[in-house]
Amino acid sequence: MALYMEEKSRNKALWDLASKDGIALGMLSVACFALKQLLSGWEGALSTVAGGAVWAVQFAGAILLLRAFMKKFAAENEDASTLDTYTLGKRICLFSSIILAVAVTAVVVYYPDNILTRQFDMMMEQYSSMMDASSKETLAGTTLADSPGVVFFSQFIYAYVYGLVLSAILSRRIPGPKSNPQ
């Protein structure tokens, strides 16, 4: 019974830490998304370069921030295993993915002229020549705002799978060989 209670307490502590760290990681992603949204109104190559720079900051920032959270956890918990570190990472990414998916869905639903809608419309134009008449008729007038569930879950799944892969890669080196002798 004592082992069960200790495991339950440890699990609760992991969830608590993951929720706090997940909020921070989610806010980084939301801030970068908002910045890309603002920059999308710029004209020409400047928009592309600035958007690429923001994407690079988001990509590298997510990796570095998640790594820092996982390393801090391992440093503060000498008995942390690679599995514990991975579990923390995937829970952080769960919270972060929910936050990002909610923000993206809110932008698509409440802000009609957004970067995702413009990209969706451009894609529909490009591929409309490959569609049959029935498909064109079905999709005519369709916008992303008509499908908030699809937007939410596609963004959530994309972000969470990315986080799972990243957590798996990072946890291999955290806490390191001293804590996990083989």
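Colleague: In which helix is the place of Phe 153?
Modeller: This is a predicted model: local features need pLDDT of at least 70, side-chain atom pairs count only at pLDDT 80 or more, and totals for chains, interfaces and linings use all residues. Numbering runs from 1 along each chain as its sequence is written, and side-chain values use heavy atoms, leaving out hydrogens and water. Look along residues 148-171, a helix (a DSSP run of H or I, at least four residues), and you'll find Phe 153 there, in H6.

Colleague: How are H3 and H6 set to each other?
Modeller: Their axes (lines fitted to C-alpha atoms over the stretch in contact) come within 7 Å and cross at roughly 155 degrees. Angles over 145 degrees count as roughly antiparallel, so H3 and H6 are roughly antiparallel.

Colleague: And how are H2 and H3 set to each other?
Modeller: Helix H2 covers residues 44-76 and helix H3 residues 82-110, and their axes lie 10 Å apart. They pack at about 140 degrees, and therefore H2 and H3 are oblique.

Colleague: Which residues in H3 does H2 meet?
Modeller: From H2 come Leu 66, Phe 69, Met 70, Phe 73 and Ala 74. In contact (heavy atoms within 4.5 Å), they meet Asp 84, Thr 85, Tyr 86, Leu 88, Gly 89, Ile 92 and Cys 93.

Colleague: Which residue forms a salt bridge with Asp 79?
Modeller: The structure holds three salt bridges (Lys or Arg side-chain nitrogen within 4 Å of an Asp or Glu carboxyl oxygen). For Asp 79, the closest N and O atoms are 3.7 Å apart, and the partner is Arg 10. The pair spans 69 residues, from Asp 79 in the loop between H2 and H3 to a partner in helix H1 (residues 2-39), Arg 10.

Technical notes: Helices (H or I, at least four residues) and strands (E, at least two) are DSSP runs, numbered from the N terminus. Axes are lines fitted to C-alpha atoms, for helices over the stretch in contact, and angles run from 0 to 180 degrees between N-to-C directions. Angles under 35 degrees count as roughly parallel, over 145 as roughly antiparallel, 65 to 115 as roughly perpendicular and the rest as oblique.
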